Amino acid sequence: DFSQLGFIGKMFQSDELTRLGQFLLLFYDQMPCDLLLGQWQLAMTQGKKIEYWKSHPSLFQHVGIFRSLGGFQPLQERKFGKLLFDNPPGTIFSDMSVVPTYEGKFIYFSGGEPEGRNDVCDFKASPQKAKVKRCWFWAKKIEAGQHVTLVFETATPVKAAFIEFGSEKHPQDLLENGMVQVAGSKNSPGSANGRAARLEHCGEFQDLIEVKKEKMVYWEEGASSPKTLP
């Protein structure tokens, strides 16, 4: 495996390709090909993968997060150069009431999600048995007009935005009616450089994505509607 994820960056012996192709043709309607590949390797008695990517940079990367089966695939090759989402420095502001310790700091990580992340919050409110813990922003009694706003430290051209809602442990905790909006800087581009990010730096907000109980929403320049930011 030259890549960690999916069915890209895989190498096979040429004399096995015909049998692999026949296997995929037989079962392609039962499960995705990347999962079938694991079953085929077991059938060929290859119990352990040869994982080149563990000791070298990945040679391939999936472009974007649209899945061929529909929906989104937010996982990325962490050893392939620059990540799709570089998360420029910014600050989260919100006027929502939250479950104690489930704060806005879990919404957005400048520079991307840190390696070895293991969160600390009040797990009595939502018990977790997993060894690696995850916390999130958990709002309660949300009212119309309330907001969660990310303000970048400098005027930043946005190429893509990916937002997740809800938790596996609380599947009903979704935003029933909302809107993802974007705004430019009130000042000329770059004039806010060197100052702390503040809400008053934002210009007029424009609608981008309507949210109605989705678990994920995504916008990408040139690939989504609208193709460019308002």
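1. E221 is partly exposed, with a relative accessibility of 36%. This value, like the others in this note, comes from a predicted model.

2. E221 has a salt-bridge partner in K159, and the closest N and O atoms of the two are 3.3 Å apart. K159 sits in the loop between β4 (148-152) and β5 (160-164), whereas E221 belongs to the segment after β8 (216-220), so this pair ties together parts that are 62 residues apart in sequence. On the K159 side, relative accessibility is 52%, which counts as exposed. The cut-off matters here: exposed means over 50%, so K159 at 52% qualifies, while E221 at 36% is partly exposed.

3. A second pair to look at is E210 with K212, whose side chains form a salt bridge at 3.7 Å, N to O. The limit applied is within 4 Å. Both ends are partly exposed: E210 has 48% relative accessibility, and K212 has 45%.

4. R117 and D119 also form a salt bridge through their side chains, with an N to O distance of 2.6 Å. Are these two residues buried or exposed? Both R117 and D119 are buried.

5. A network of salt bridges links E113, R117, D119 and R134. As background, side chains of opposite charge can pair when their charged atoms come close.

6. For the record, the total is 7 salt bridges. Among them are K159 with E221, E210 with K212, and R117 with D119.

Definitions and conventions. Residues are numbered from 1 along each chain as its sequence is written. This is a predicted model: local features need pLDDT of at least 70, side-chain atom pairs count only at pLDDT 80 or more; totals for chains, interfaces and linings use all residues. Side-chain values use heavy atoms; hydrogens and water are left out. Buried means under 20% relative accessible area, exposed over 50%, partly exposed in between (1.4 Å probe, protein chains only). Helices (H or I, at least four residues) and strands (E, at least two) are DSSP runs, numbered from the N terminus.
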